[in-house]
Amino acid sequence: MDQKEKVVSEKYIRNKTIVAFGIFVILIICSLLAWKWLQNQPREEGALRPLRKVLNANEIVFQNLYSTGNLSKVYPASKAAPRVRVNGDAGLADNFDTASWRLKLTRSPGDTLFITLDDVKKLPKTEVIFDFKCIEGWSQVTHWAGVRFSEFAKHYGLNDQTKSLYTGLITPDQEYYVGIDTKSMMHDQTILCYEMNGKPLPMNQGYPLRLIIPVKYGVKHLKRIGTMYFSNSRPKDYWFERGYDYYCGL
Ligand SMILES: Nc1nc2c(c(=O)[nH]1)N[C@H]1C(S)=C(S)[C@@H](COP(=O)(O)O)O[C@H]1N2
Ligand SMILES: [Mo]
């Protein structure tokens, strides 16, 4: 009696094991097939098409949740890092001529303003101390100052322009470029920034003028703005072309 029971339960266990192993093998085969299928998909804007579709769907979800009134967490100046990490130098060539720099603001084709740093500094100054987040996985509390983009836009009569879906920024040498939804540009903590830790921006951090936009990952904080323009279609974007998410929201 005891013996029989034991035989039955061993058989039972063996069958269970075979079934479990079979399922395991089938799952592995399915994963391999799915992976192979994915690899054979065409690329769209640097990412495999199915993955790009997911990124684009996420963008719609997050854009709808987004509100310009939601502030990113702010910190006291004492919490800001004295030595700010430098990351990314595309568009920051050494031969940059600081004297001839102007912010080229294209309000519409054929209507371009050339704005000096002094002009920008005349506008009200806003400080932003926040946790700067890079997509590579690091973050740092940093301290910046400049003019709110929304105030800058008001001053330069960009009423119609700020209704367009996107704002494009390009470095003076055209090496680095980003596109940002204008809603995020109009956020209260988005500044055209010319100071870090109370001093003019260092060269490698975007002198004379950079973007600070706490609702986005670091990639969108373009250093050394040369040109600014507006568009209802997505402006070209450096990391988007290399397969990243376009929106890059936090
Ligand atoms: N012109 C320019 N701006 C840029 C980059 C770049 O390569 N070139 N890199 C971006 C990335 S990925 C990050 S994380 C931040 C880093 O800013 P920081 O060097 O001031 O820390 O700058 C962004 N702006
Ligand atoms: Mo980054």
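User: What makes β6 and strand β9 (residues 191-196) a pair?

Analyst: In this predicted model, five bridges join β6 to β9. Two strands pair if DSSP finds at least two bridges between them, so five bridges make β6 and β9 a pair. The two strands run antiparallel. Trp144 stands opposite Met196 in β9.

User: Which strand joins β6 by eight bridges?

Analyst: That is β5, and the two run antiparallel. In this pairing, Trp144 of β6 is the bridge partner of Val128. β5 and β6 also form a hairpin, with five residues between them. In its turn, Gly137 has a positive phi of about 115°.

User: Why is β6 described as largely enclosed?

Analyst: Eight of its 10 residues are buried, so the rest of the structure largely encloses β6. Buried means under 20% relative accessible area; exposed means over 50%, and partly exposed lies in between (1.4 Å probe, protein chains only). Trp144 has 2%, so it counts as buried. His143 has 13%, so it is buried too.

User: What contact does the side chain of His143 make?

Analyst: It makes a polar contact with the side chain of Glu127, at 2.5 Å. A polar contact is a pair of N or O atoms within 3.5 Å; within protein, one must be able to donate a hydrogen and the other to accept it, and residues adjacent in sequence count only through two side-chain atoms. The 2.5 Å is within that limit, so the His143 and Glu127 pair qualifies.

User: Why are Phe132 and Trp144 called a tilted pair?

Analyst: A pair of aromatic rings is described by the distance of the centres and the angle of the planes. Rings of Phe, Tyr and Trp (its six-membered ring) pair if their centres lie within 6.5 Å; planes under 30 degrees apart are stacked, over 60 edge-to-face, and the rest tilted. The structure holds 12 such pairs. Phe132 and Trp144 are 6.3 Å apart, centre to centre, with 40° between the planes. Phe132 counts as buried because its relative accessibility is 9%.

User: What makes the pair of Tyr238 and Trp239 edge-to-face?

Analyst: Their planes are 75° apart, and the centres lie 5.2 Å from each other. That angle is over 60, so the label is edge-to-face. Tyr238, at 16%, counts as buried, whereas Trp239, at 30%, is partly exposed. Both belong to a cluster linked by ring pairs, together with Tyr176, Tyr177 and Tyr244.

User: How do you know that β8 is largely enclosed?

Analyst: Five of the five residues of β8 (residues 177-181) are buried, so the strand is largely enclosed by the rest of the structure. Tyr177, Gly179 and Asp181 point one way, and Val178 and Ile180 the other. Strand β7 (residues 166-170) pairs with β8 in the antiparallel sense over five bridges. Gly168 stands opposite Gly179 in β8.

User: Which residues are closest to ligand 1?

Analyst: Of the 19 that surround it, the closest are Arg85, Asn87, Ala90, Arg210 and Lys223. To count as near, a residue needs a heavy atom within 4 Å. An oxygen atom of the ligand is 2.7 Å from a side-chain N or O atom of Arg210.

User: What conventions apply here?

Analyst: Residues are numbered from 1 along each chain as its sequence is written, and chains are lettered from A and ligands numbered from 1 in written order. Local features need pLDDT of at least 70 and side-chain atom pairs pLDDT 80 or more, while totals for chains, interfaces and linings use all residues; side-chain values use heavy atoms, without hydrogens and water.

Definitions and conventions: Helices (H or I, at least four residues) and strands (E, at least two) are DSSP runs, numbered from the N terminus.
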